[in-house]
Amino acid sequence: LELQHSFSRYQHGEFEQSGALGMEFGVLTHNSSAVARTRAIGPLQDGTVGLWYEYRNYAAGGLNFTPAAEENALALFTYQEWPLGSFSANAALRADGRRVAPRRTRTSRNLGRIDTRYFFGVSGGLSGRYQVGGSVAIGWSLLRTFRAPGIEELFSEGPHLAAYSYEVGNADLDSEHGLGLELSLDYDRPTGHLHLAIFRNEIDGYIFPRNTGRYSLRRADLFLYQTVGEQALMHGVEGAFGWHFHPNLEFAGTLSVVRGILTSKDDQYIPRLPPLQGRLNLIFEASEAFNTDLSLRLASDQDRLGQFEDPTSGYAVFDLSGSYYRHFRGHLHTLSLTVENITDDIYRTHLNRVKELMPEPGRNVRILFKTFF
């Protein structure tokens, strides 16, 4: 039986160019979980049963008009595996409940009726994997997902200066429900591996902030983003590979692409979806204590645009990192050096709302030392 609890206190402030406080909020969060490992039950192996709880206390200040609110969430879940020779299956089931309660109720012109909301839903998944031979395996997964909106998505009302937007929630939002299918292929050898997967997700009530194309009445320099829930369809491909063509050298990489449309909006493209993107890595392992990694981050142009979006050009950016490990006086010490965007290129990512005003960071150097005890 594993018991865990964590507490975090987060304070966030954004300041105008004049130095005045534009918005501020703070969140106190408690997370608790209890997970029990179960013995074999008939053909079932490696099972778990668990309980998860979260409490959030949200308060805002400055020009942020989001009401103070509390959020309670509780989930009960189980996971089971069933190995059967070359075939294996696993299943998961989770029941979620959430209560979002403002400190006081009122009616907002932008949000609607601000009052206590309750949400309940069930998620589940069933997947299988078949080992075709010693190196090849095929798999499938069928998923039903549930996600309840939180305080920010229901009750937000205020400027988000870092994203150059004025964000407004939707007090009438319903839960998000999805149905997904994934097919995968794995190829594993002592010298390397390859993983490919294709997926398709239908989402009822997909929750996202939508640009209304209008400026806020409170802040005429900021676009108004309203949280909505729409019918959506997403599909895509993702892959990963790694290959040791020398005992000390590995060539690895990832690739992913996702396409999405709003089926309730005449198949408009879903805004702020990433383009085809990936990463290539050349890893040199001089010894167990020292390794270096030269990587290339890649992205294509994004011209499948949601409403009020601008296209984004692709980019190729080099990064370099190295790590050194050493045991000293009974403790493990690590020293790492990372240089991002080595050539100091100017590039923009499609997910950045302020990409036209501010591109991604230039050359960045980071040194990190850790001691484990």
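**Ground rules.** The model is predicted, so I took local features only at pLDDT of at least 70 and side-chain atom pairs only at pLDDT 80 or more, while totals for chains, interfaces and linings use all residues. Residues are numbered from 1 along each chain as its sequence is written, and side-chain values use heavy atoms, with hydrogens and water left out.

**Entry 1: Glu14.** I started with Glu14, which sits in strand β1 (residues 2-15); strands are DSSP runs of E, at least two residues, numbered from the N terminus. Buried means under 20% relative accessible area, exposed over 50%, and partly exposed in between (1.4 Å probe, protein chains only). A salt bridge needs a side-chain nitrogen of Lys or Arg within 4 Å of a carboxyl oxygen of Asp or Glu.

So what does the Glu14 side chain touch? Leaving aside neighbours within four places in sequence, I noted contacts (heavy atoms within 4.5 Å) with residues including Ala20, Met23 and Leu161. The side chain of Glu14 also has a polar atom 3.1 Å from the backbone nitrogen of Ala162.

**Entry 2: Glu71 and Arg56.** Next I looked up salt bridges, and the count came to 17. In one of them, Glu71 and Arg56 meet at 3.3 Å, N to O. Glu71 is in strand β4 (residues 69-84) and Arg56 in strand β3 (residues 45-62), 15 residues apart. Glu71 is buried at 3% relative accessible area, and Arg56 is buried too, at 14%.

**Entry 3: Arg117 and Asp174.** This salt bridge is 4.0 Å, N to O. Arg117 is in strand β8 (residues 117-131), whereas Asp174 is in the loop between β11 (165-168) and β12 (176-189), 57 residues apart. Buried or exposed? Arg117 counts as buried at 18% relative accessibility, but Asp174 counts as exposed at 57%.

**Entry 4: Arg210 and Glu230.** Here the closest N and O atoms of the salt bridge are 3.0 Å apart. Arg210 lies in strand β13 (residues 192-215) and Glu230 in strand β14 (residues 223-246), so the pair ties together parts 20 residues apart in sequence. I noted Arg210 as partly exposed at 23% and Glu230 as buried at 11%.

Note on methods. Helix = DSSP H or I, 4+ residues; strand = E, 2+ residues; numbered from the N terminus. Polar contact = N/O pair within 3.5 Å; in protein donor to acceptor, adjacent residues only side chain to side chain.
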